[in-house]
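Hi,

Here is the structure I said I would pass on. Have a look at it first, and then read my notes below.

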Amino acid sequence: MSKKLLESVRRDMASLHEIGLASATSLQQLDQQLKLHVDPLSAVEIKEIRESTGLSRETFALYLNVSSSTVGGCEKGKHQPSGAALKLLTLVRDMGVEILYLNDPEEEQEGVTDDFMADRDQPEAPECESL
């Protein structure tokens, strides 16, 4: 359902609520849907979002927890993100890639590079006991 349609339904529901034909709970549920609604993104928009971050497909894919081929497919229009992936892309578009940092978002960040994963402290593999 498009956001414009949801907003129209919201206005109608508010009018029905005012005359006692719709419950406050129904109105609150509709308000929640409006807050969570995310419009689909075109392939061009997805590519622009990634390019605005300065990240490669591979690094951007790591942040979104998808494969780089999925990011490429979305940028070429072969895949259409939905659910959590669509919400993450919208957050990156609206708030910047910093929203996806693994560290505390209140901490000052130096920026993200393609070397992000290589720069992280990797836990050492446990030593094997000899037989």
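N65 is not a glycine, although its phi is positive. You'll find N65 in the loop between α4 (57-64) and α5 (68-75). N65 is also exposed, with a relative accessible area of 70%. Bear in mind throughout that this is a predicted model.

Now the overall picture. If you take the contacts with a separation of 6 or more, 54% of them join residues 24 or more positions apart.

Helix α1 covers residues 3-18 and helix α2 covers residues 24-36. The two pack at an angle of about 165 degrees, and their axes are 10 Å apart. That angle makes α1 roughly antiparallel to α2, since anything over 145 degrees counts as roughly antiparallel. The crossing of the pair is left-handed.

On the α1 side, the contact is made by K3, L6, E7, V9, R10, M13, A14 and H17. On the α2 side, the residues are A24, S26, L27, L30, D31, Q33 and L34. Sorted by class, this contact of α1 with α2 has eight nonpolar, three polar and four charged residues.

One of the α1 residues in that contact is V9. V9 counts as partly exposed, at 31% relative accessibility.

As for α1 itself, the helix has 16 residues and reaches 22 Å from its first C-alpha to its last. That is close to the 22 Å expected at 1.5 Å a residue. Just after α1, G20 takes a positive phi of about 85 degrees.

**Around α5**

Next, have a look at α5, starting with how α4 meets it. The axes of α4 and α5 come within 8 Å and cross at roughly 105 degrees. That makes α4 roughly perpendicular to α5. In α4, the residues that meet α5 are R57, E58, F60 and A61. Their partners in α5 are S68, V71, G72 and E75. This contact of α4 with α5 divides into three nonpolar, two polar and three charged residues.

Which residues of α4 are buried? They are T59, F60, A61, Y63 and L64. F60 and A61 are also among the α4 residues that meet α5.

Then there is helix α3 (residues 43-53), whose axis comes within 7 Å of that of α5. These two axes cross at roughly 130 degrees, and α3 and α5 are therefore oblique to each other. A43, I46, K47 and R50 of α3 make the contact with V71, C74 and E75 of α5. By class, the contact of α3 with α5 has four nonpolar, no polar and three charged residues.

V71 is worth a click, as V71 turns up in the contact of α5 with α4 and in the contact of α5 with α3. Is V71 buried or exposed? V71 is buried, with a relative accessible area of 4%. Not counting residues up to four places away in sequence, V71 touches R50, R57, F60, A61 and V66. The C-alpha atoms of V71 and E58 are separated by 8.3 Å, and the two residues are 13 apart along the chain.

Last, L91, which lies in helix α6 (residues 83-95). L91 is partly exposed, with a relative accessible area of 27%. Leaving aside neighbours within four places in sequence, L91 is in contact with G96 and I99. L91 and V38 are 53 residues apart in sequence, and 9.8 Å apart in space from C-alpha to C-alpha.

That's what I have for now.

Cheers

Methods
Residues are numbered from 1 along each chain as its sequence is written. This is a predicted model: local features need pLDDT of at least 70, side-chain atom pairs count only at pLDDT 80 or more; totals for chains, interfaces and linings use all residues. Side-chain values use heavy atoms; hydrogens and water are left out. Axes are lines fitted to C-alpha atoms, for helices over the stretch in contact, and angles run from 0 to 180 degrees between N-to-C directions. Helices (H or I, at least four residues) and strands (E, at least two) are DSSP runs, numbered from the N terminus. Angles under 35 degrees count as roughly parallel, over 145 as roughly antiparallel, 65 to 115 as roughly perpendicular and the rest as oblique. A crossing is left-handed if the near helix is turned anticlockwise from the far one by less than a right angle, and right-handed if clockwise. Contact means heavy atoms within 4.5 Å. Ala, Val, Leu, Ile, Met, Phe, Trp, Tyr, Cys and Pro count as nonpolar, Asp, Glu, Lys and Arg as charged, and the others, Gly among them, as polar. The expected span of a helix is 1.5 Å times one less than its number of residues. Buried means under 20% relative accessible area, exposed over 50%, partly exposed in between (1.4 Å probe, protein chains only).
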